[in-house]
Amino acid sequence: MNARPEQREDPVDAIVEQWARVRPDLDTAAMEVFGRISRLARAMGDRMERAYAAYGISRGEFDVLATLRRSGEPYTLSPRELSATLMLTTGGMTGRLDKLERAGLLRRSPDPHDRRGLRVTLTEEGLRLADEAVGAGLALQTEALSALDEERAGQLAGLLRDLMLATER
């Protein structure tokens with residue numbers, strides 16, 4: 001998997017070359033893939049965080065708003081449903097919900113079907129902000145992906161799906 005001569009080198013290439021010098025017995029093919037995935041995820045995560053900050057929210061708070069938005073009308077879920085979707089503890093979810101509720105982006109109300117339960121619903125402002133923020137985030141992702149033509153981007157998406165499914169077993 002070493003870089004072909006016509007390709008530019010990245011920091012992962014340097015790491016792999018260092019390992020090849022000191023441990024030529026190692027097969028670093030997996031390191032090349034996962035090192036790049038990790039660095040790409042970190043770089044894009046930082047970009048996304050800055051994009052959402054322009055809307056006064058963090059990436060984690062965007063995730064809550066986006067999950068409610070994707071749920072469709074009436075944009076309502078229970079805290080448990082949100083926690084499960086976002087893989088958060090209920091304690092972590094409570095902090096996010098508190099902040100978003102104070103900002104007027106969502107509201108919590110009693111669940112009419114469960115006296116002990118709550119429902120979390122996007123407000124009109126939360127819906128507007130979720131729609132604007134998702135557009136801004138997608139614009140950044142599209143810009144980054146423009147380094148690949150449509151066919152290569154599709155191949156990459158498929159390969160990453162295969163890899164993700166294989167690691168979730």
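This note walks through the main features of the structure in numbered points.

1. **Basis.** This is a predicted model, in which local features need pLDDT of at least 70, side-chain atom pairs count only at pLDDT 80 or more, and totals for chains, interfaces and linings use all residues. Residues are numbered from 1 along each chain as its sequence is written, and side-chain values use heavy atoms, with hydrogens and water left out.

2. **The sheet.** Three strands make an open sheet in the order β1-β3-β2, and the pairing is antiparallel. Strands are DSSP runs of E of at least two residues, helices are runs of H or I of at least four, and both are numbered from the N terminus. Two strands count as paired if DSSP finds at least two bridges between them. The edges are β1 and β2, each pairing on one side only.

3. **Strand pairings.** β2 and β3 are joined by six bridges and run antiparallel. They form a hairpin, with two residues between the strands. Arg-108 stands opposite Val-120 in β3. On the other pairing, two bridges join β1 to β3, again antiparallel. Here Thr-76 stands opposite Thr-121 in β3.

4. **Ser-78.** This residue sits in the loop between β1 (76–77) and α4 (79–86). Is Ser-78 buried or exposed? Ser-78 counts as buried, because its relative accessibility is 13%. The cut-offs are these: buried is under 20% relative accessible area, exposed is over 50%, and partly exposed lies in between (1.4 Å probe, protein chains only). Leaving aside neighbours within four places in sequence, Ser-78 is in contact with Leu-118 and Arg-119. Contact means heavy atoms within 4.5 Å.

5. **Helix α6: length.** α6 covers residues 124–145, which is 22 residues. At 1.5 Å a residue it should span 32 Å, and its end C-alpha atoms are 32 Å apart, so the two agree. The expected span is 1.5 Å times one less than the number of residues.

6. Gly-126, Leu-129, Ala-130, Ala-133 and Gly-137 of α6 are buried. They cover an arc of only 105° around the axis, so they lie on the same side of α6. That arc is taken from the directions from the helix axis to the C-beta atoms. An α-helix has 3.6 residues a turn, so residues three or four places apart point the same way. What covers the buried residues of α6 includes α2, α3 and β3 (114–122). The face turned away from the buried side carries the exposed residues Glu-124, Thr-142 and Glu-143.

7. **The aromatic pair.** The structure holds one. Tyr-52 and Phe-62 are stacked, 4.1 Å centre to centre, with 10° between the planes. Tyr-52 is in helix α2 (residues 29–53) and Phe-62 in helix α3 (residues 59–70), ten residues apart, and the pair links distant parts of the chain. Rings of Phe, Tyr and Trp (its six-membered ring) pair if their centres lie within 6.5 Å; planes under 30 degrees apart count as stacked, over 60 as edge-to-face, the rest as tilted. Tyr-52 counts as buried because its relative accessibility is 4%. Phe-62 is buried too, at 8%.

8. **Salt bridges around Arg-36.** There are eleven salt bridges in the structure. The term means a side-chain nitrogen of Lys or Arg within 4 Å of a carboxyl oxygen of Asp or Glu. Arg-36 meets Asp-10 in one of them, at 2.6 Å, N to O. Arg-36 lies in helix α2 and Asp-10 in the segment before α1 (11–22), so this pair ties together parts 26 residues apart in sequence. Arg-36 also forms a salt bridge with Asp-13, with the closest N and O atoms 2.7 Å apart. Asp-13 lies in helix α1, so that bridge ties together parts 23 residues apart in sequence. How do the accessibilities of these residues read? Arg-36 is partly exposed at 28%, and Asp-10 is partly exposed at 27%. Asp-13 is buried at 5%. Asp-10, Asp-13, Glu-32 and Arg-36 are linked in a network of salt bridges.

9. **A helix-to-strand bridge.** Asp-98 and Arg-108 meet through their side chains in a salt bridge of 2.4 Å, N to O. Asp-98 lies in helix α5 (residues 90–102) and Arg-108 in strand β2 (residues 106–111), so the pair ties together parts ten residues apart in sequence. Asp-98 is partly exposed at 29%. Arg-108 counts as partly exposed at 23%.
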